[in-house]
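Trainee: I'd like to learn how to read a structure like this one. Could you walk me through it?

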Amino acid sequence: MSLSIDSSSLYSMYGTDTTSSSTSKLEATLDSNLTTAKDEELMEACKSFETYFVEQVFKEMKKTVQSSDDNEYNEYFGDMLYQEYAKEASEQGNLGIAQMLYESMKR
C-alpha cells in the first residue's frame, strides 16, 4: 500500500484561497457574535445604571418627607426596600433611561 501526494493536493490543502476564505468566514462569525454579546452586555449595564439611579432618587425623596414609620426595621431594611422598588420600576421599562443611555452609547 502506498500513499502518493502531489503538489496540487498540497496546494489545495494549504492554498491561500481556501484558507483566506475560511478565515474570513470565521472572523465574520466571531465579529457578529462579539457584537451581539457586546450589545447585550451594554444594555445590561445601562439597565443596572438605571436601577441604581432610581434607587438614589428614592432615597433622596425619602429624606424630604417626614414620616412616623422610622423604626428599627426601616433602619435595617430600608435600603433593601428601595433597591427592590428601584428594580421593579426599572424592569417595567416605563422610564426609558436605560434605552436612551444605550442608544447614546451605541453612536
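Mentor: Let's begin with a term: helices here are DSSP runs of H or I with at least four residues, numbered from the N terminus. Keep in mind as well that this is a predicted model.

Trainee: Okay, how many helices and strands does the chain have?

Mentor: There are four helices and zero strands. Going along the sequence, you get the pattern α-α-α-α.

Trainee: Where do Phe49 and Phe53 sit?

Mentor: Both are in helix α2, four residues apart, which is about one turn of the helix. That helix covers residues 16–63.

Trainee: And how do I read a pair of aromatic rings?

Mentor: A pair of aromatic rings is described by the distance of the centres and the angle of the planes. In this model, the count comes to three aromatic pairs. Phe49 and Phe53 form a stacked one, with 6.2 Å centre to centre and 20° between the planes. The pair counts as stacked because planes under 30 degrees apart are put in that class.

Trainee: Which residues form an aromatic cluster?

Mentor: Phe58, Tyr82 and Tyr85 form one.

Trainee: Back to Phe53: is it buried, partly exposed or exposed?

Mentor: Buried means under 20% relative accessible area and exposed means over 50%, with partly exposed in between. Phe53 has 40%, so it counts as partly exposed. Phe49 is partly exposed too, at 41%.

Trainee: Which residues form the nonpolar patch on the surface?

Mentor: Phe49, Tyr52, Phe53, Val57 and Met61 do, with about 480 Å² of accessible area together.

Trainee: Now a residue in another helix. Is Ala86 buried or exposed?

Mentor: Ala86 counts as buried, because its relative accessibility is 0%. You'll find Ala86 in helix α3, residues 72–92. Of the 107 residues of the chain, 11% count as buried.

Trainee: Which residues is Ala86 in contact with, leaving aside its neighbours within four places in sequence?

Mentor: Those are Thr51, Val54, Glu55 and Phe58. For a sense of spacing, take Ala86 and Gln56: they are 30 residues apart in sequence, and their C-alpha atoms are 8.7 Å apart in space.

Definitions and conventions:
Residues numbered from 1 in each chain as written. Predicted model: local features only at pLDDT ≥ 70, side-chain atom pairs only at ≥ 80, totals over all residues. Heavy atoms only, no water. Helix = DSSP H or I, 4+ residues; strand = E, 2+ residues; numbered from the N terminus. Buried < 20%, exposed > 50% of the residue type's maximum accessible area, 1.4 Å probe, protein only. Contact = heavy atoms within 4.5 Å. Patch = residues over 30% accessible without salt bridge, like charges linked within 9 Å, V, L, I, M, F, W, Y side chains within 5 Å. Areas by Shrake-Rupley, 256 points an atom, 1.4 Å probe, with all protein chains shown as cover. Salt bridge = Lys/Arg side-chain N within 4 Å of Asp/Glu carboxyl O. Phe/Tyr/Trp six-rings, centres within 6.5 Å; stacked < 30°, edge-to-face > 60°.
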